[in-house]
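Below are some notes on the model you passed on. Please read them with the coordinates open.

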Amino acid sequence: RRVHGESVNFCTVSFHFVLYFISYFELVMGDESPILLSPIRRPTSVEINALAYSKAILHCAKYPHKRVSGVFVSNRLSNQRSLTILDSIPLFHTSHGLAPPLEVALLQIDHYCRSNNLYMSGYYQANSQLDDVNPSLESYKIVDKLTENAPSNAPICLAIVDNTLMSMDCSEMALRFYRRDNSQRWIIADENFAQFEESKSRGTR
């Protein structure tokens, strides 16, 4: 199999699958505390462009009865506090996340990002229940992994899709961003934390 024009060694992939099954048990049986143990990388604000937002929302709209997930992508810049999301890459639309396929997907996305001076800057998830905007244990652990693998001091974000705000006119942002407080616990950010890229100059969401 080829990924972006480069051959993937079968033995290497097989070895990674062994590690992925180990990580599956770590993911499922790990600590249930939503405290992130990696170094704090809090963005002061988040901008998301139309492409990234549309892909995430359309992914959710295509599978309204399932839990949907994906990652955000940003430029690989150091010492950056304000996060600009350039693109989103859909991952899965299943009720339960499986570590081996997730690890393979993240490995391929990481290869793409490194080839284009980008990095995985966040994770989004839409829950299957209409009014559920709570991050899952899995989402905390995925963001933790993204933080460990991100460039030094690069900010990472977590977003949950508010299904009740999805509409044809997109009058209000349907993504609810979470941020880390001083104790490293995830809390929901205020409404001014995230903005559409084109509306920042007007001060609107």
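1. Basis. This is a predicted model, in which local features need pLDDT of at least 70 and side-chain atom pairs count only at pLDDT 80 or more, while totals for chains, interfaces and linings use all residues. Residues are numbered from 1 along each chain as its sequence is written, and side-chain values use heavy atoms, with hydrogens and water left out.

2. Confidence. The average pLDDT (the predictor's confidence in each residue, from 0 to 100) is 78 for the chain, and 73% of the residues score at least 70. Residues 1–37 stay under 50; the model gives them 53 contacts (heavy atoms within 4.5 Å) beyond four places in sequence. Residues 200–205 are also below 50, with 12 contacts beyond near neighbours in sequence.

3. Helix 3. Helices (H or I, at least four residues) and strands (E, at least two) are DSSP runs, numbered from the N terminus. Helix 3 covers residues 99–115, 17 residues in total, and spans 24 Å from its first C-alpha to its last, close to the expected 24 Å. The expected span is 1.5 Å times one less than the number of residues. Its buried residues (under 20% relative accessible area, with exposed over 50% and partly exposed in between; 1.4 Å probe, protein chains only) are Ala 99, Pro 100, Leu 102, Ala 105, Leu 106, Ile 109, Asp 110 and Cys 113. An α-helix has 3.6 residues a turn, so residues three or four places apart point the same way. Asn 117, which follows helix 3, has a positive phi, near 55°.

4. Aromatic pairs. There are four in the structure. Rings of Phe, Tyr and Trp (its six-membered ring) pair if their centres lie within 6.5 Å; planes under 30 degrees apart count as stacked, over 60 as edge-to-face and the rest as tilted. Phe 72 and Tyr 124 are a tilted pair because their planes are at 40°, with ring centres 5.4 Å apart. This pair links distant parts of the chain, 52 residues apart: Phe 72 lies in strand 4 (residues 68–75) and Tyr 124 in strand 7 (residues 118–126). Both Phe 72 and Tyr 124 are buried. Together with Phe 177 and Phe 193, they form one aromatic cluster.

5. Three strands in the order 5-3-11 pair in parallel; pairing requires at least two DSSP bridges between two strands. Strand 5 (82–85) and strand 11 (194–196) are the edges, each pairing on one side only. Strand 3 (residues 45–48) and strand 11 share three bridges, and Val 46 has Ala 194 as its bridge partner in strand 11.
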